[in-house]
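Reader: I would like to go through this structure and ask what stands behind each label. Please set the values against the definitions.

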Amino acid sequence: GNGPIYKHQALQSLPHCKIRNRETMYWRFQEKSKEYLATIEAIYYGVIDCWSAMHKNEQYDGQFDDLLLLFATEHRKIKEQNQTEKKTKTKFWNVDV
């Protein structure tokens with residue numbers, strides 16, 4: 001059905017977490033909050049948050065930042081495609097892409 005996947009009955013017994021206080025850097029054509037992360041951003045921040053929780057006495061030094069290469073590549077591809085198709089930004093976003 002329609003609705004958030006995290007509310008699906010089959011997923012209720014799985015452990016879960018909520019990524020808070022992160023704003024998306026990934027621009028897409030939708031009317032959502034800036035806190036609606038792209039999938040790669042959610043994976044990236046989730047990995048960093050889990051690593052930080054397990055290594056409380058260590059400072060994160062960027063060892064997972066290669067995940068953002070995928071993000072940057074996809075962002076560029078979508079930006080170029082949207083420019084080719086002459087799509088415009090939604091009113092939510094007030095940034096140039």
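Reader: What makes W51 buried or exposed?

Author: The model is a predicted one, in which local features need pLDDT of at least 70, side-chain atom pairs count only at pLDDT 80 or more, and totals for chains, interfaces and linings use all residues. Residues are numbered from 1 along each chain as its sequence is written, and side-chain values use heavy atoms, with hydrogens and water left out. W51 has a relative accessible area of 11%. Buried means under 20% relative accessible area, exposed means over 50%, and partly exposed is in between (1.4 Å probe, protein chains only). The value of 11% therefore makes W51 buried.

Reader: How do you know whether Y60 is buried, exposed or partly exposed?

Author: The relative accessible area of Y60 is 22%. That value lies between 20% and 50%, so Y60 is partly exposed.

Reader: Why is the pair of W51 and Y60 called edge-to-face?

Author: Rings of Phe, Tyr and Trp (its six-membered ring) pair if their centres lie within 6.5 Å; planes under 30 degrees apart count as stacked, over 60 as edge-to-face and the rest as tilted. By this rule the count comes to three aromatic pairs. For W51 and Y60 the centres are 6.0 Å apart and the planes are at 70 degrees. The pair therefore counts as edge-to-face. Ring pairs also link W51, Y60 and F64 into a cluster.

Reader: What makes residues 39-54 a helix, and how does the span of helix 1 compare with the expected one?

Author: Helices (H or I, at least four residues) and strands (E, at least two) are DSSP runs, numbered from the N terminus. Helix 1 has 16 residues, and the protein has two helices and zero strands. The expected span of a helix is 1.5 Å times one less than its number of residues. Helix 1 reaches 22 Å from its first C-alpha to its last, close to the 22 Å expected.

Reader: Which residues of helix 1 are buried, and what do they pack against?

Author: The buried residues of helix 1 are I40, E41, Y44, Y45, G46, I48 and W51. They pack against helix 2, residues 67-84. Contact means heavy atoms within 4.5 Å. L67, in helix 2, is in contact with I40, I43, Y44 and V47, its neighbours within four places in sequence being left aside. The C-alpha atoms of L67 and V47 are separated by 9.8 Å, and the two residues are 20 apart along the chain. L67 has a relative accessible area of 29% and is therefore partly exposed.

Reader: Why is the pairing of D49 with R22 called a salt bridge?

Author: Side chains of opposite charge can pair when their charged atoms come close. A salt bridge is a side-chain nitrogen of Lys or Arg within 4 Å of a carboxyl oxygen of Asp or Glu. The closest N and O atoms of D49 and R22 are 2.5 Å apart, so the pair meets the rule. D49, at 32% relative accessibility, counts as partly exposed, and so does R22 at 24%.

Reader: How many salt bridges does a search of the whole structure find?

Author: The search finds two salt bridges. E80 is partly exposed at a relative accessible area of 41%, as is R76 at 48%.

Reader: What makes I5 buried or exposed?

Author: I5 has a relative accessible area of 66%. This value is over 50%, so I5 is exposed. I5 is in the segment before helix 1.
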